[in-house]
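User: Could you take a close look at one part of this protein for me and walk me through what you find there? I'd like a connected picture that I can follow on screen.

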Amino acid sequence: MESIDFRSLSERLRTELSRVYFWQKIVRILSIIVYLFVFCWMMFVLFGGYLVGYIGLENYSVVTQYIFPVFMGFIVLNFAFSRSLMKFQRQENDIMRSIMSAMFPSVLFSFSSQLDQRILSGSKLFNSSFSDPALAATTYAYLEVPRGDRTLYIADIGGFLWADE
């Protein structure tokens with residue numbers, strides 16, 4: 001097995017890695033802002049009546065006129081957050097595939113969320129029977145390593161689900 005030149009791999013993937021890092025920063029900033037908005041909204045829902053009574057606003061239309069733009073801003077920020085999170089995840093998955101294919105060209109790398117049931121039923125690692133068609137395993141990613149007439153499966157199993165029929 002030949003050794004991997006990590007320096008050339010890093011140089012080749014530098015722009016893609018910096019793009020992923022940029023979107024990671026955007027997602028972090030937007031998540032802080034969105035969760036801060038959610039916290040403030042929850043505090044306003046819980047204690048807004050006391051605040052309005054303390055300020056002495058008898059006419060709630062004044063309060064509504066300020067809440068509506070804030071709520072619309074929250075919707076826009078939440079939309080931007082969800083779109084940037086999807087873009088970050090897509091780029092992260094693409095870069096992970098390219099790194100795995102560069103490091104291990106003969107290995108199949110997949111981000112499938114469901115693992116083939118035959119793989120689990122043939123496994124010797126689990127003590128329960130996976131022959132039941134209602135049982136499924138949630139995975140984050142898995143590798144298939146072919147060796148001659150056999151294949152080695154490596155999966156990051158997040159949990160088991162019982163599917164209702």
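Analyst: Happy to! Let's start at Arg 90, which sits in helix α3; please keep in mind that this is a predicted model. Arg 90 has a relative accessibility of 46%, so it counts as partly exposed, a class that lies between the buried cut-off of under 20% and the exposed cut-off of over 50%.

Leaving aside residues up to four places away in sequence, Ser 84 touches Trp 23, Ile 26, Val 27 and Leu 30. Take Ile 26 from that group: 58 residues separate it from Ser 84 in sequence, yet their C-alpha atoms are 7.2 Å apart in space.

Stepping back to the whole chain, the order of elements from the N terminus is α-α-α-β-α-β-β, giving four helices and three strands. Among contacts with a separation of 6 or more, 63% join residues 24 or more positions apart. Of the chain's 165 residues, 20% count as buried. The exposed surface comes to about 12,600 Å², with carbon and sulfur atoms supplying 62% of it.

Definitions and conventions. Residues are numbered from 1 along each chain as its sequence is written. This is a predicted model: local features need pLDDT of at least 70, side-chain atom pairs count only at pLDDT 80 or more; totals for chains, interfaces and linings use all residues. Side-chain values use heavy atoms; hydrogens and water are left out. Contact means heavy atoms within 4.5 Å. Helices (H or I, at least four residues) and strands (E, at least two) are DSSP runs, numbered from the N terminus. Buried means under 20% relative accessible area, exposed over 50%, partly exposed in between (1.4 Å probe, protein chains only). Accessible areas come from the Shrake-Rupley method with a 1.4 Å probe; for residues, only the protein chains shown count as cover.
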